[in-house]
Amino acid sequence: MPLTLAEVGEENIIKKIGGKQEVKAHLETLGFVVGGAVTVVSAIGGNVIVNVKEARIAVSREMAQKIMV
């Protein structure tokens, strides 16, 4: 399922990252790697704030839909 559907406060493991190579590279530099843990802190209108690798990051709805957990 995409990250946009993940429950708030629930830790998930990243299974796949979709999109173009530039998008994958950008998300990887932010810490979104396959096998890594990600926790949704809050979700507003599809946009999400997540904890990934001890950092809090805001992700747009479009980007969050490319991250499969």
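Which residue in E5 is the bridge partner of valine 52? I will come back to that after a word about the model, which is a predicted one, where local features need pLDDT of at least 70, side-chain atom pairs count only at pLDDT 80 or more, and totals for chains, interfaces and linings use all residues. Residues are numbered from 1 along each chain as its sequence is written, and side-chain values use heavy atoms, with hydrogens and water left out.

Let me start with the sheet. Four strands, in the order E1-E3-E4-E5, form an open sheet with antiparallel pairing; helices (H or I, at least four residues) and strands (E, at least two) are DSSP runs, numbered from the N terminus, and two strands pair if DSSP finds at least two bridges between them. At the edges are strand E1 (11-13) and E5, each of which pairs on one side only. From one strand to the next the twist averages 35°, where axes are lines fitted to C-alpha atoms, for helices over the stretch in contact, and angles run from 0 to 180 degrees between N-to-C directions.

Now to the opening question: the partner of valine 52 is alanine 55. E4 and E5 pair in the antiparallel sense over five bridges, and valine 50 stands opposite isoleucine 57 in E5. These two strands form a hairpin with two residues between them, and lysine 53 in the turn has a positive phi of about 50°.

In soluble globular proteins, nonpolar side chains tend to be buried together.

Finally, consider asparagine 12, which lies in strand E1. Why does asparagine 12 count as buried? The reason is its relative accessibility of 9%, since buried means under 20% relative accessible area, exposed over 50%, and partly exposed in between (1.4 Å probe, protein chains only). Not counting residues up to four places away in sequence, asparagine 12 touches Met1, Ala6, Gly36, Ala37, Val38 and Val69, where contact means heavy atoms within 4.5 Å.
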